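Dear colleague,

I am handing over the structure below, and after it I set out what was found. Please read the text with the model open beside you.

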Amino acid sequence: SPADAEQTLASFADAADVSKWARSGVAAAIKAGIVSGRIDGRIAPGDSITRAEVAVLVRRLLQKSGLI
């Protein structure tokens, strides 16, 4: 629900920067353990993502899906 998404995002310093259309998806990825945010407590929705971060996301997604 939107309230659950807001509660999940609330722990991140830049939660307000997540676009409205993306909030539920970002919250779902956090709850699923695929996204954990950056070390400084941000989700950083406006920042570029590094290849290392992509590799971690893909690995977590594959692990959570039971494919590896």
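A crossing of two helices is called left-handed if the near helix is turned anticlockwise from the far one by less than a right angle, and right-handed if clockwise. Helices here are DSSP runs of H or I with at least four residues, and strands are runs of E with at least two, numbered from the N terminus.

This is a predicted model, in which local features need pLDDT of at least 70 and side-chain atom pairs count only at pLDDT 80 or more, while totals for chains, interfaces and linings use all residues. Residues are numbered from 1 along each chain as its sequence is written, and side-chain values use heavy atoms, with hydrogens and water left out.

With that in place, the crossing of α1 and α2 is left-handed. The two helices, α1 and α2, pack at an angle of about 60°, with their axes 9 Å apart; axes are lines fitted to C-alpha atoms over the stretch in contact, and angles run from 0 to 180 degrees between N-to-C directions. That makes α1 oblique to α2, because angles under 35 degrees count as roughly parallel, over 145 as roughly antiparallel, 65 to 115 as roughly perpendicular and the rest as oblique. The contact (heavy atoms within 4.5 Å) is made by D4, A5, E6, T8 and L9 of α1 and by R23, S24, V26, A27, I30 and K31 of α2.

Next come the charged side chains. A salt bridge is a side-chain nitrogen of Lys or Arg within 4 Å of a carboxyl oxygen of Asp or Glu, and by this rule the count comes to 5. Salt bridges that share partners join R38, D40, R42, D47 and E53 into one network.

Finally, is D14 buried or exposed? D14, in the loop between α1 (2-9) and α2 (23-31), is buried (under 20% relative accessible area, with exposed over 50% and partly exposed in between, using a 1.4 Å probe and protein chains only), yet D14 has no salt bridge. The nearest side chain of opposite charge, R42, is 4.2 Å away, where Lys and Arg count as positive, Asp and Glu as negative, and His and the chain ends are not counted.
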